[in-house]
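Here's a quick briefing to read with the model open beside you. Follow along in your viewer as you go.

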Amino acid sequence: MERKIQEYLHRIKHEIQEKTKVFNFDQIQFEEFTTFDYVNFYLIYYYIFEDKKKEDFFLSIPEEDERENFYTSIFHSVVLIKLYQNYFNLKKIKIQLKKGDLIYTKYGKTFRICEIKSNVNDRTFMNLKFPTKSEKGIHNFKLNSSKSYSKINPSIRNNKNTTKHIKSYKDFIYSSFGENFFITDFKNRTLVIANKEFYRESKYLPIRYTTSSGKISNDLPFFSYLVECCTNFKTAKKYLFDKNQSFDEVIIIGDTKYRETFSELLQEAKWKGKVKNIILIGKELPNMEYTFTKWLWSKDEIKLANNEEPKQPKKITIKNEELYVKLTELKNEISKIKEESIVDFSFMLKYTNFYYRLILEKSNLSKGIFQEYTDRLDLYFKSERFKEEINNLFYEQNTYKDEIIIEYTTRIFEKFNSISNLIQNENKKWKYIKDKAKALKNDKLYLIVEKKSYDFIETQISNNKIYNIVLISDKRIDKEKEYLDKWENDKRNSSKKTYILPYLNNIDLFDSINRLKGTCEVLCYENIDEIVFDKLILKYHQDEKLRLEHNDRDKFFETKFSSKNILKRREFDDIFNFDFTTKSTKDNSFESIDLPKEKVVYNITFTDNTTEKFDSTKGVFLVENNSQIKTNIAEISEGATIRFYQNTSSTEFKKIMKLFDTERLLETFDLYADSWKNTLHKLSEKYNGIEPLFDKLFVEEKIHFNTFKLYFKENSKTRFPRENTLKIIKNFCVICDFKDELLVQEFDKFIVYSKKDHSIRQQAGRVLSDDLLDYIASNKTDISNSLERIPESILDKIVDSIQKKKIQNKKIVEDE
């Protein structure tokens, strides 16, 4: 496809040369123009000068960072095109001269400023406006009608720069258009809103810059200014639109300059007649329905048009025949089940993605991670959500039996376990990384890893005594550790660097590694996750084609782009059937978008005989060989020693929660949380106990009875149950004539308050896990905004309460 784009750019550049012969491209301002600059020049030229029935124009630059020459090239394009437009529109108008006018014309062999002394019966006499000492006393002389001349603003003052600036302007436009071209009054004018970098202050060009404070720079005495420049719409509106001024077009460069003000721009500028047309140059259009003519640059097209080589990651295919066999066995097992039951379990293949992205070797560190995923899969296969999904499949075939589902999922789960064991015992991606680091000897190897696995991989590298691997996190961890966004703009990001990414299924991450200047290798198992890499490349090329083949291009060029992208189908295609545009794939660089998200809660028994109940996401430190590795409780195995914070003071926790209770609703939450529990107590009294009430409430939909019993405890930790449980209790109240209960009367508020209470507790919990761990790991230097809100006295108490214990037993709790 790269070759096709090169050919396309060559043809449209030839078109530009043919259609813009009026411009002299041999002058100095075009010396650094690339094809990219020439195309942008032509697009603006065509839109401003040739397009008579024009919609507003959007020029899309999909790059995060514009090229060094970008602002300069757009600046010169606008200046030259607008100069030509003004001259073209005014050249047929004969200049009327009267006594006192100033003109710029040739006097002898040089150009001088002259003053009209009289103009009677087509006989015009003039004299030098600013004569030298030797020229003083010269008699008025007649204007030679065969010579060209231009009127000049009579307010011009004679100073040391006046002649210099006028001459520089004359040389500029003469070199651009020829000696018959000179203009000082501009009827066709443009307003530009852009960063200050756009405005290259030039004392001789008819460009004027207005600062945000209202100061107007550049005092050349033209009759008017060709281009007015501002850094934001607020300044433009205050200092330009409030005056009697109007413009042919407003050109706004950069999304931040127009994203929030586009509606106002339409109302205040275009619809009030201040501006005829709008040109936006940026990454994305404003989020509103409005029609634009579009030119959508593609990413590779921009690079090639700037004489750069498009960079794409290099696929490193690793053979793993045993893994391929195990995956085939899983697929065959699913096929057998389909033959037996006519029900297709193949959607479960997608959950194997977890194993392809791991580069952990077998160790105490990795044991917990693999076990956590196995636990989560097991819980998911037993969950109500999974049963509902499977039940629907079975009901469609009229073959549903609970014991059959258990048998089938057990058979499938065994195959998952065999894949897990294989990857744990020999990780071939990690072997490749070790061998690569060894081959590089004294050179560095840069390994891009998922943020949450950074500490694990760092410890694994240390245990292997590998000293030339530099870890780069896909997202920021703290000020000290390297991360991708920071590295992209770092001077160390050079073409000599070698990067490795263990797994790729994310279009944003793909774009990020494309901005790395060195070679980036993406590791793929042959005919397995190699498929997702190929699909990602195909998706990238399809996005390129959509921009390159956009219909609006036909308006500017006769040349059309054409290319075909074909991807052969392979056996395990369905495993990698991802939508790369979803938020989950953008937010999670490595995780499969289909990883089951069932909640897992663990009962932990420590060697000191204490027990704790932890959510799987609870942040902890794993203490390993005198090192602290930040992780979560799910990825910790039995026998491990951990450091953790566990709330021991409800008073202190409530103080922290109040910091996140911006609407001051906690007291209201307490009222509603107590209310539904009181309702349950009343119902249990009516129906002679908790168990009889449970049997009446949960007939069709079940929760665990032990969970239900906890609702009746005096110090129950459950604030609000699941929404569905609340609904069941509310409906039962209506049936048994408990209609006056708050749960019935204000059920909608219960749902809202339940969610808000959960959100506040989540925020507080996150601060006391992830943020707190980061704070401790950085020796109290990397403090989050949330932690900063906690009073120092309370924060010190929290830090002092960090515990260190060894896990004796870890067991999943079948929570509701």
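Helix H15 (residues 454-463) lies across strands E21 and E22, and its direction makes an angle of about 145 degrees with E22. Keep in mind that this is a predicted model.

- E21 and E22 belong to an open sheet of 6 strands, ordered E20-E19-E24-E23-E21-E22, with antiparallel pairing.
- At the edges sit strand E20 (611-615) and strand E22 (627-632), each of which pairs on one side only.
- If you ignore direction, neighbouring strands of this sheet are turned by 45 degrees against each other on average.
- Helix H11 (residues 364-382) also lies across part of this sheet: it covers strand E19 (601-606), strand E21 (619-624), E22 and E24, running at about 145 degrees to E21.
- In general, side chains in a regular strand alternate between the two faces of the sheet.

**Who pairs with whom in that sheet**

- E19 and E20 are joined by 5 bridges in the antiparallel sense, and tyrosine 602 has phenylalanine 614 as its bridge partner in E20.
- Those two strands make a hairpin with 4 residues between them, and asparagine 609 in the turn has a positive phi of about 70 degrees.
- E19 also pairs with E24, again antiparallel, this time over 6 bridges.
- Which residue of E24 is the bridge partner of tyrosine 602? That would be isoleucine 812.
- Strand E23 (residues 641-644) pairs with strand E24 (residues 803-813) in the antiparallel sense, over 4 bridges; there, phenylalanine 644 has glutamine 803 as its bridge partner.

**A closer look at isoleucine 812**

- Isoleucine 812 lies in strand E24.
- Is isoleucine 812 buried, partly exposed or exposed? Its relative accessibility is 24%, so isoleucine 812 counts as partly exposed; the buried class stops at under 20%.
- Leaving out residues up to four places away in sequence, isoleucine 812 touches Asp375, Leu379, Val600, Val601 and Tyr602.
- Isoleucine 812 and asparagine 609 are 203 residues apart along the chain, and their C-alpha atoms are separated by 18 Å.

**Asparagines with a positive phi**

- As background, most residues other than glycine have a negative phi.
- Asparagine 527 has a phi near 60 degrees, a positive value in a residue other than glycine.
- You'll find asparagine 527 in the loop between strand E18 (519-525) and helix H18 (530-548), where it is partly exposed with a relative accessible area of 32%.
- Asparagine 688 isn't a glycine either, yet has a positive phi of about 65 degrees.
- Asparagine 688 sits in the loop between H22 and helix H23 (690-697), and with a relative accessible area of 68% it is exposed.

**Helix H22**

- How many residues does helix H22 (residues 666-686) have? The helix has 21 residues and reaches 31 Å from its first C-alpha to its last, close to the 30 Å expected at 1.5 Å a residue.
- The buried residues of H22 are Leu666, Phe669, Tyr672, Ala673, Ser675, Trp676, Lys677, Thr679, Leu680, Leu683 and Ser684.
- An α-helix has 3.6 residues a turn, so residues three or four places apart point the same way.

**Helices H5 and H7**

- The axes of helix H5 (residues 233-241) and helix H7 (residues 262-270) come within 12 Å and cross at roughly 10 degrees.
- That angle makes H5 roughly parallel to H7, because angles under 35 degrees count as roughly parallel.
- H5 brings Phe233, Lys237 and Phe241 to the contact, while H7 brings Glu264, Leu265, Glu268 and Ala269.
- By type, the residues of this contact are 4 nonpolar, no polar and 3 charged.

- Strand E3 (residues 110-120) and strand E4 (residues 123-128) run antiparallel and are joined by 6 bridges; asparagine 119 has threonine 124 of E4 as its bridge partner.
- The hairpin of E3 and E4 has 2 residues between the strands, and asparagine 121 takes a positive phi near 55 degrees there.
- E4 also runs antiparallel to strand E5 (residues 141-142), with 2 bridges joining them; the bridge partner of phenylalanine 125 in E5 is lysine 142.

Terms used. Residues numbered from 1 in each chain as written. Predicted model: local features only at pLDDT ≥ 70, side-chain atom pairs only at ≥ 80, totals over all residues. Heavy atoms only, no water. Axes fitted to C-alpha atoms, helices over the stretch in contact; angles between N-to-C directions. Parallel < 35°, antiparallel > 145°, perpendicular 65-115°, else oblique. Contact = heavy atoms within 4.5 Å. Nonpolar A, V, L, I, M, F, W, Y, C, P; charged D, E, K, R; others polar. Pairing = 2+ DSSP bridges. Expected span 1.5 Å × (residues − 1). Buried < 20%, exposed > 50% of the residue type's maximum accessible area, 1.4 Å probe, protein only.
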